[in-house]
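My notes follow in the order I made them.

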Amino acid sequence: FFAVLTSSFRWGFTEGMRITAASAGIFLVHELMLATSADLPRIALRSAFLLTLGYMSAQWGELKVISKLRLALLHDVTRLSNPRFGVDQTLAMVLGRIQGYFGPGECILITQEGDSTDYSLRSVRAGGPKAVITRENIAGDAARPLMIFEGSDMVVYSRPSWSAATLPARCHVYRSRTNRWERCETTSSNRLAELLDATTFIAVPVSMKKGGGRLYLFSRERTFGKGDVLFLAQVAAQVFPTIENIEVLDRMASDAALRERHRIAWDLHDTAIQPYIGLKLALSALCNKAAPDNPLRMDLNRLAAMATQVIDDLRHYARTFRAALPSSDGGYLPALQRHIERIRDFYGIDITLRTDASLGISDRLGVEVLQIVREGLSNICKHTNARRGAVDIRAADGLLAVHIENECTGAQPADFIPHSILERARALGGNASIRYQPGSATIVQVAIPI
């Protein structure tokens with residue numbers, strides 16, 4: 001009994017029934033070896049009692065395991081990601097958690113905002129060690145097959161793949177108006193299942209102030225039940241109102257930040273750009289005074305060109321900063337590559353960029369990463385004699401890892417903390433540290449939760 005209870009309440013129904021069957025089998029073999037004909041009714045009764053109690057324990061244990069997993073999922077989806085990353089990042093996190101809980105398959109969220117005729121489609125598919133998250137806008141005609149159910153109905157559909165020729169598909173709908181389950185026709189559901197290439201799916205409504213949509217889960221490897229669709233509806237009811245609140249707060253914070261950006265951009269023009277313009281004019285005057293054979297003329301021209309480039313960068317930064325367009329340059333990777341090329345031209349330092357173009361991080365996080373890498377490369381240019389370096393950006397296990405490396409062939413440098421990088425990382429919920437490879441390299445390691 002102890003083994004049956006332990007396995008049932010720790011691992012659920014399947015493991016509990018295995019231990020139950022094994023226990024009953026061992027009991028029968030042992031008793032039958034020693035029993036007489038008069039003992040057979042007693043043995044049969046005890047074996048039936050053991051099987052019955054084991055089955056009940058396995059069912060109770062399965063309920064306990066499911067409840068624990070569901071509570072963990074509700075905890076995960078309500079523990080929102082950093083609001084600075086925007087609503088898209090939070091939605092991606094939530095859909096990834098939902099897909100991970102329900103197992104192999106795909107999770108689709110289709111929403112429509114206000115009176116728009118277009119829909120937004122987000123999908124999460126299990127792929128290898130991590131989920132693959134995509135987002136795209138689709139026209140109303142393309143979204144119509146996914147919007148065939150009435151607004152508040154919750155649907156569970158299953159079609160046995162191993163006996164599709166003999167057993168019909170089953171489709172049940174939960175009517176919120178009457179709080180009852182009803183059988184529904186399967187023609188449209190069959191077409192939807194074929195479109196999704198699934199044998200089973202569940203669908204729940206998603207209600208938002210500015211519109212609505214549906215959340216789908218479909219699979220070919222498991223069968224969903226009525227309890228699954230009710231739980232998914234509970235998750236959606238918990239998450240999406242909170243996401244709307246994040247969107248409102250994010251919009252308020254963005255408006256306040258935009259006003260502050262205007263003020264900072266004006267200060268930047270007055271306190272940084274104007275002095276550089278004066279420096280450029282002074283360098284140009286020195287270049288004009290220098291004779292053609294002056295050995296410093298080439299260096300002065302180089303400094304004047306560098307000052308001109310810095311002025312252009314500051315003006316571009318001030319314009320984009322004032323307009324709050326973090327992705328106006330086409331993304332953080334092209335901007336980072338241009339910055340690396342500029343370092344190679346001005347300082348003669350060869351920087352290798354290693355990253356995955358399909359990281360899938362938001363524009364906001366990309367801009368923060370760009371600023372962190374720029375600060376790290378600036379430290380290499382100003383405080384080291386390195387001629388080579390590397391930048392490595394990877395995402396794994398829920399963390400975005402940024403490594404900024406420079407060669408260090410001499411003695412180990414003095415301990416230091418890049419305060420600007422550390423403060424930026426902590427503002428994003430992460431951390432930064434320094435790692436030395438004696439006689440080889442110094443590495444600034446930044447980890448940011450995503």
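I count two strands as paired if DSSP finds at least two bridges between them. The model is a predicted one.

**Entry 1: strands around S8.** I began with S7 (200-208) and S8 (211-219). S7 and S8 run antiparallel and are joined by 9 bridges. As one example I noted phenylalanine 201, which stands opposite phenylalanine 218 in S8. I then looked up S1 (106-113). S1 also pairs with S8 in the antiparallel sense, over 8 bridges. Here I noted isoleucine 108, whose bridge partner in S8 is tyrosine 216. I checked how covered S8 is and found 7 of its 9 residues buried.

**Entry 2: the largest nonpolar core.** Which members of this core touch the most other members? I found Ile98 and Leu215, in a core of 32 residues. The elements that each supply at least two residues include the strands S1, S4 (154-158), S7 and S8. H7 gives the most, with 10 residues. I listed the contacts of leucine 215, leaving aside neighbours within four places in sequence. Among them are Leu95, Ile98, Cys107, Ile108 and Leu109. The list also holds Ile202, Ala203, Val204, Val206 and Leu232. Another core, of 31 residues, lies apart from this one and has Val402, Ala432, Val444 and Val446 among its members. As a general note, nonpolar side chains in soluble globular proteins tend to be buried together.

**Entry 3: H1 against H3.** I looked up how H1 (residues 2-11) meets H3 and found that their axes come within 6 Å and cross at roughly 25°. Angles under 35 degrees count as roughly parallel, so H1 is roughly parallel to H3. The crossing is right-handed. On the H1 side the contact is made by Val4, Leu5, Ser8, Phe9, Arg10 and Trp11. On the H3 side I noted Gly54, Ser57, Ala58, Trp60, Gly61, Glu62, Lys64 and Val65.

**Entry 4: the five-stranded sheet.** I moved on to an open sheet of 5 strands with mixed pairing, in the order S9-S10-S11-S13-S12. S9 (350-355) and S12 (431-437) stand at the edges with a single partner strand each, so one side of each has no neighbour in the sheet. On average, neighbouring strands are turned by 15° against each other, direction ignored. S10 (residues 388-396) and S11 (residues 399-407) run antiparallel, joined by 8 bridges. Within this pair, arginine 394 stands opposite alanine 401 in S11. I then looked for helices on the sheet. H9 (residues 332-347) lies across S9 and S10 and runs at about 165° to S9. H11 (residues 419-427) packs on the sheet and touches S12 and S13 (441-449). The direction of H11 makes about 135° with that of S12.

**Entry 5: alanine 390.** Is alanine 390 buried or exposed? Buried means under 20% relative accessible area, and alanine 390 has 7% relative accessibility, so I recorded this residue as buried. Not counting residues up to four places away in sequence, alanine 390 touches Ile351, Thr352, Arg354, His403, Ile404 and Glu405. I also looked up aspartate 350, which is 40 residues from alanine 390 in sequence and 8.2 Å away in space, C-alpha to C-alpha.

Definitions and conventions. Residues numbered from 1 in each chain as written. Predicted model: local features only at pLDDT ≥ 70, side-chain atom pairs only at ≥ 80, totals over all residues. Heavy atoms only, no water. Helix = DSSP H or I, 4+ residues; strand = E, 2+ residues; numbered from the N terminus. Axes fitted to C-alpha atoms, helices over the stretch in contact; angles between N-to-C directions. Contact = heavy atoms within 4.5 Å. Core = buried A, V, L, I, M, F, W, Y, C linked by side-chain atoms within 4.5 Å. Buried < 20%, exposed > 50% of the residue type's maximum accessible area, 1.4 Å probe, protein only. Parallel < 35°, antiparallel > 145°, perpendicular 65-115°, else oblique. Left-handed = near helix turned anticlockwise from the far one by under 90°.
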